[in-house]
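Notebook open. I want to look at the open space in this model first, then at one residue.

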Amino acid sequence: MASMSLRFSPNISSLTNGGNLWRSKHSNKIFSYGSYFATKTSMYQRKNEIEYNLSKLQQPILKNQFKSVEGVSTNEENKKKYIPKAISEESSGSEESIASETKDIVGSVKRFLVALYWFVYPYTMFGRTLSTICASLIAVERLSDISSPLFFIGVLQALLPFTLMDFYVNGVNQLYDYEIDKINKPFLPLPSGAFSFTTAVVITVSSAIMGFLASYIIGSWPLFWGLLSYFLIWSGYSIKGPFLRWKKNPLLAATCIYTNLALIYSISFFYHMKTFVLKRAVVSPKPLMFFVAFMSIYSLGIALFKDIPDIEGDKAYGIQSFATSLGQKKVFWICVSIFESAFGVAILAGLSSSLLWVKLVMGLGNAVLASILWNKAKFVDLSDKASIRSYYMLIWKLLYVAYLLIPLIRFSYV
């Protein structure tokens with residue numbers, strides 16, 4: 001029992017009260033054992049406290065500097081690997097910056113393309129594209145010509161240089177109308193600040209150079225002369241200089257638009273397809289004559305109408321137009337009458353066809369277009385620029401449909 005008391009006594013006092021025998025015989029040993037256990041106990045407790053305090057001190061440092069990763073062990077008990085967290089934060093930060101830069105680049109490209117879209121007056125470019133297709137269809141003699149790859153190549157050959165020249169024509173006009181457009185068209189790229197003046201100059205000049213280069217590579221003389229005429233007429237229309245800036249004279253301005261829409265487009269595209277692409281002689285140009293007649297009338301209406309919404313800026317900068325001279329309302333109804341006359345010519349041309357289906361499609365189709373134009377004209381508010389521009393866009397949309405109907409006259413002469 002005495003030995004049991006020695007073995008399991010929790011403190012020194014119980015150990016020394018175990019009996020006289022042990023006190024007398026082994027008092028020195030008991031004291032040494034007690035001192036030993038007391039010393040060991042206090043040292044063990046002190047060691048635990050030091051380790052605990054050190055672990056508490058190191059824990060926040062480890063949290064801030066290290067990241068625990070499962071699966072690889074430097075400490076065999078928890079099988080975890082600590083990787084510097086600073087590296088992770090730097091890599092995630094660099095990924096975010098790359099994603100942000102990519103988003104900025106994509107946004108910049110989108111904004112540039114939108115500005116470029118408005119820089120070229122898309123409705124005029126789309127109209128010229130349909131005019132190219134219309135004149136090319138009039139030039140064919142057999143339906144098999146349309147299914148030939150040669151036909152589509154010829155259309156693309158006509159579209160490429162003239163599309164590039166569209167950028168020049170619209171660009172040079174906006175460059176010289178910069179101050180006027182601040183009043184009349186503040187939404188355009190230059191007055192709105194979407195394009196700098198330098199950017200607009202670079203686009204304009206490079207487009208003209210590339211247009212002529214494309215025409216030279218293609219090698220079609222009808223296209224080249226048409227492109228050169230297009231370049232010269234619209235340069236004279238827009239550029240300020242001696243005997244230039246033709247847009248300041250209402251008669252010269254109308255002549256420029258008429259020559260472009262009625263003659264240059266139709267004749268150059270027709271002869272390009274007929275002589276250069278299909279390699280055929282021009283035998284019967286009657287469909288071409290009808291096309292020129294229709295476009296002569298319609299383009300005259302466009303030439304007069306286009307200045308109606310711009311009357312405020314034109315007056316401020318001394319630009320004389322029929323709208324500033326005769327008044328908006330009078331010029332508006334003159335234009336509506338001209339457009340109706342053009343559709344009347346198309347109806348008569350359709351009715352003169354020997355084919356019943358051509359008579360029906362061209363007659364009814366153009367009659368519908370004429371009625372839409374007339375009915376919408378009644379609701380135009382001439383004091384509201386938005387209302388005038390909306391009707392102006394309708395004029396172009398009706399012309400787009402007419403471009404699809406005009407080639408049908410070709411079947412009357414096949």
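I take helices as DSSP runs of H or I with at least four residues, numbered from the N terminus. The model is predicted.

**Entry 1: the largest pocket**

I looked up which helix gives the most to the lining of the largest pocket. Helix 18 does, with 6 residues. Helix 18 spans 385–405.

I then asked for the volume. The largest pocket holds about 840 Å³ of space. Its lining is made of 41 residues. Nearest the centre of the pocket lie Y121, Y123, T124, K306 and Y392.

Next, the other contributors. The elements that give two or more residues to this lining include helix 4 (85–119), helix 5 (122–139), helix 7 (149–176) and helix 8 (178–184). Helix 11 (221–238) and helix 12 (250–277) are also among them.

I checked the domains. Domain 1 (119–282) and domain 2 (284–413) each supply at least three residues to the lining of the largest pocket.

What is the make-up of the lining by residue class? I noted 24 nonpolar, 6 polar and 11 charged residues.

**Entry 2: R128**

I moved on to R128, which sits in helix 5. Is R128 buried or exposed? R128 counts as buried because its relative accessibility is 1%, and the cut-off for buried is under 20%.

I looked for its partners. The side chains of R128 and T163 make a polar contact of 2.9 Å. Leaving out residues up to four places away in sequence, R128 touches L159, F162, T163, D166, Y265 and F269.

Notes
Residues numbered from 1 in each chain as written. Predicted model: local features only at pLDDT ≥ 70, side-chain atom pairs only at ≥ 80, totals over all residues. Heavy atoms only, no water. 1 Å grid on protein atoms, 1.4 Å probe; cavity = no way out; pocket = protein on both sides within 12 Å on 5 of 7 lines; lining within 4 Å. Points joined across faces, edges and corners; volume = space filled by probe spheres on them. Nonpolar A, V, L, I, M, F, W, Y, C, P; charged D, E, K, R; others polar. Domains from an automatic or database assignment. Buried < 20%, exposed > 50% of the residue type's maximum accessible area, 1.4 Å probe, protein only. Polar contact = N/O pair within 3.5 Å; in protein donor to acceptor, adjacent residues only side chain to side chain. Contact = heavy atoms within 4.5 Å.
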